[in-house]
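This report looks at a few annotated residues and their surroundings.

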Amino acid sequence: MKEERCEDIRNSFCQGEQSAQEIVHRYLGRIEEQDKNLGAYLRLLSDRALKKAEALDKKRAEGKPLGKLAAVPVAIKDNINIKGEITSCGSKFLEGHRSLFDATVIRLLEEEDAIPIGKTNLDEFAMGSSTENSALQETCNPWNLNYVPGGSSGGSATAVAARMAPLALGSDTGGSVRQPAGFCGIVGMKPTYGRISRYGLVAFGSSLDQIGPFATTTRDIALTMEVLGKHCQMDSTSLSKPTEDYLTTLDAFDPPSCTVGVPWSLIEDASDDVKENFNEAIKTLKGMGTKVIDIDMNTLQYSIATYYIIATAEASTNLARFDGIRYGRRSERAKTLEEVYRISKEEGFGAEVKRRILLGTFVLSSGYKDAYYLKALKVRTLIIEDFNRVFKQCDFICYPATPTAPFKKGEIIDPLQMYLSDVYTIPANLAGLPAISTPSGFTNDGLPLGLQVTAPQFQDKKLCQFAYAFEQATDHIKQPPLHQKK
């Protein structure tokens, strides 16, 4: 399947080579043909997308200025609100809930003439690392349908990897953009915390959540960051920083002047194919002239435990609003108010969501808050200080995107083992740092692997420059998913 970059789509539309309606129909056709096997989309926004395309064709005919993402179809993770459309969060609790407002990212996309084309599958309420926790359907990895696409943004990653959308949005609380990007062989970025507004994103862990883009190239990621990286008055955590120009400086990276830190001791536990691939990626960086040093970040060994205390505590608070009263599922079996609360949650939430609510409620409970939650906050501070110390020695930090290659569906049933899938991605969320996963090669079985790069806070633009340089040096490894080869 031919790769179509966002810039190419926009240019062909603006130059009159194809209409917006033709572009939308083409992608809807691809989805109809392929998604019955992949399960990336929970629902399509066909009528809305075609109306938007028709209006865009008229706008072009009238000679009006066209936006940076004109006529570009975008897949949207189904925990991001679009007014009038269902936002289910992959849960039975919100299966029929229609959003009352647009998320800021949706408003910004449409202001630049992008076309949301569908809502994608996810682990329920974004809690998971494989998209197997969705209560609504199964999503497959486009490289091998027997494998998971990663999670929780597995639907968005699959949509882009299978060329059913040139661009997609996901949310990243502990790696839910970068991990599936690594598993699906595409680029996925988690910006600096607050760089992209969270307004309209259904909250999981409010101090950790961040919306981020998926694309097949770093240029498209950079273009999307220009569109979405703006201050939002509706989001108290949004950064009051001016919009940055990513594209004109994307090739400004100078490898010989750059130092990359690698915490080698933390990579010992990665699988053999991941370690082999990571070593090759480091050789590539050295071949570019980049200096690579060993760094000591022992505090990161506590990141998984710290994250799952803080994230579940915040989740238990955020999900308390789903009570069967105001919106969402209300049990027909409930006879009393207490039963409405209890049975609605019992029927509406899946096993993993219940597990995290229970754990979060426990660590916030009287007698345990000091022992667990407050201690985790102190460790988080130590991790942030460790990053600050290390970034005085190097410009970027590199790890594998994931500790293993993509795994088979149903292969991991132990929740604790599943949590370890995010061991390399969680630290950036705890510290609020920008990080990106970019394709770095394949296993002997043809499954994709990714390199993850983390930058200091607010250095999102330089992070894109680094990823673009690595992408240019490894362009020979790029290829479409196996089932796309026709």
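## Basis

This is a predicted model, in which local features need pLDDT of at least 70, side-chain atom pairs count only at pLDDT 80 or more, and totals for chains, interfaces and linings use all residues. Residues are numbered from 1 along each chain as its sequence is written, and side-chain values use heavy atoms, without hydrogens and water.

## The annotated set

An unreviewed UniProt entry gives the annotation "active site" to Lys77, Ser152 and Ser176. Such annotations may be inferred rather than shown by experiment. The three span 100 residues in sequence, but no two of their C-alpha atoms are more than 11.0 Å apart, so they gather at one spot.

## Ser152

Ser152 sits in the loop between β3 (115–120) and α5 (154–161); helices (H or I, at least four residues) and strands (E, at least two) are DSSP runs, numbered from the N terminus. Ser152 is buried because its relative accessibility is 0%, where buried means under 20% relative accessible area with a 1.4 Å probe and protein chains only.

Beyond its neighbours within four places in sequence, Ser152 is in contact with residues including Lys77, Asp123, Thr131 and Ser176. Contact means heavy atoms within 4.5 Å. A polar atom of the Ser152 side chain lies 3.4 Å from the backbone oxygen of Ala126.

## Ser176

Ser176 belongs to the loop between β4 (167–171) and α6 (178–184). With a relative accessible area of 6%, Ser176 is buried.

Not counting residues up to four places away in sequence, Ser176 touches several residues, among them Lys77, Gly128, Ser152 and Phe214. The Ser176 side chain also reaches the backbone nitrogen of Ser152 at 3.0 Å.

Technical notes. Buried means under 20% relative accessible area, exposed over 50%, partly exposed in between (1.4 Å probe, protein chains only). A polar contact is a pair of N or O atoms within 3.5 Å; within protein, one must be able to donate a hydrogen and the other to accept it, and residues adjacent in sequence count only if both atoms are side-chain atoms.
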